[in-house]
Amino acid sequence: MSETHERGTGAPDAAGALRSSRVAGTLAMVGGLVLILVGIVVWVMVAMQLRAENIVVPDDAMAFQGQVVSGPLTAFVQADIIQHHALEASGGKTYAELAQDDPVRATMMNASFLRASLFTSVVSFGVAAFAIGTGVLAIILGWGLRRLAAARAALQA
């Protein structure tokens with residue numbers, strides 16, 4: 001007879017189920033810790049890279065004027081003001097709307113590249129925050145599984 005099945009019923013025995021719950025809970029907690037650590041590392045790396053560029057939010061931005069771009073909010077605001085300035089320079093026309101020989105097209109192209117880079121950092125911050133949040137959730141669920149296994153074991157004792 002297998003030690004994971006009760007005799008003749010095909011259902012998992014209590015000891016095997018408790019052991020599986022404890023193992024699953026422990027793995028969830030370890031995985032959660034790894035997700036949190038990776039999320040923090042990514043957040044710090046992206047922030048350091050942005051800060052190293054020494055981009056300062058201009059005074060005519062909607063918020064964070066004079067601050068160095070180093071986080072998701074300052075990066076988003078900087079991308080927004082870049083678009084505003086680029087559209088001013090082009091008379092409200094986008095890159096695609098300008099004639100191919102228009103010298104402002106290069107300005108619009110550079111603005112588009114800068115905005116894409118800043119939005120990439122915003123997405124990176126979001127992914128890092130998602131990893132941290134998922135890690136916290138995994139730890140809570142793993143802790144809950146282990147508590148349930150312990151409570152079940154206490155009831156059977």
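F64 sits in the loop between helix 1 and helix 2, where helices are DSSP runs of H or I with at least four residues, numbered from the N terminus. The model is a predicted one, so local features were kept at pLDDT of at least 70 and side-chain atom pairs at pLDDT 80 or more, while totals for chains, interfaces and linings use all residues. Residue numbers start from 1 along each chain as its sequence is written, and side-chain values rest on heavy atoms, with hydrogens and water left out.

F64 has a positive phi of about 60° although it is not a glycine. With a relative accessible area of 29%, F64 is partly exposed; here buried means under 20% relative accessible area, exposed means over 50%, and partly exposed is in between (1.4 Å probe, protein chains only). N54 belongs to the loop between helix 1 and helix 2 too, and its phi is also positive, at about 55°, again without being a glycine. For background, most residues other than glycine have a negative phi. N54 is exposed, at a relative accessible area of 58%.

The loop between helix 1 and helix 2 also holds S70, which is partly exposed at 23% relative accessible area. S70 and N54 are 16 residues apart in sequence, and their C-alpha atoms are 8.8 Å apart in space. Once neighbours within four places in sequence are set aside, S70 is in contact (heavy atoms within 4.5 Å) with A47, L50, R51 and F125.

Leaving out neighbours within four places in sequence, F125 contacts W43, V46, A47, L50, S70, G71 and P72. One of these contacts is an aromatic pair. Rings of Phe, Tyr and Trp (its six-membered ring) pair if their centres lie within 6.5 Å; planes under 30 degrees apart count as stacked, over 60 as edge-to-face and the rest as tilted. By this rule the count comes to two aromatic pairs. W43 and F125 make an edge-to-face pair, with 4.6 Å from centre to centre and 65° between the planes. This pair links distant parts of the chain, W43 being in helix 1 (residues 14-52) and F125 in helix 3 (residues 104-156), 82 residues apart. As for accessibility, W43 counts as partly exposed at 33%, whereas F125 counts as buried at 1%.

The other pair, F76 with F119, is tilted: the centres are 5.8 Å apart and the planes make an angle of 55°. Distant parts of the chain are linked here as well, with F76 in helix 2 (residues 72-89) and F119 in helix 3, 43 residues apart. F76 is partly exposed at a relative accessible area of 41%, and F119 is partly exposed at 28%.

Now for the helices themselves. Helix 3 has 53 residues and spans 77 Å from first C-alpha to last, close to the 78 Å expected at 1.5 Å a residue; the expected span is 1.5 Å times one less than the number of residues. Buried residues of helix 3 include R105, L118, F125 and G135. R105 lies over the face of Y95, at 4.0 Å from the ring centre; a charge sits over a ring if NZ of Lys or CZ of Arg is within 6 Å of the ring centre and within 35 degrees of the ring normal.

Helix 2, with 18 residues, reaches 26 Å from its first C-alpha to its last, close to the expected 26 Å. Its buried residues are T74, A75, V77, Q78, A79, I81, I82 and A86. Among them, Q78 has a relative accessibility of 9%. Not counting residues up to four places away in sequence, Q78 touches I55, V56, V57, P58, V69 and L118. Just after helix 2, G91 takes a positive phi of about 70°.

That leaves the core. A nonpolar core is a set of buried Ala, Val, Leu, Ile, Met, Phe, Trp, Tyr and Cys residues joined through side-chain atoms within 4.5 Å. The largest one has 17 residues, of which L50, V57, A61, V69, A75, L118 and F125 touch the most other members. Helix 1, helix 2 and helix 3 each supply at least two residues of this core, and helix 2 gives the most, with six. In soluble globular proteins, nonpolar side chains tend to be buried together.
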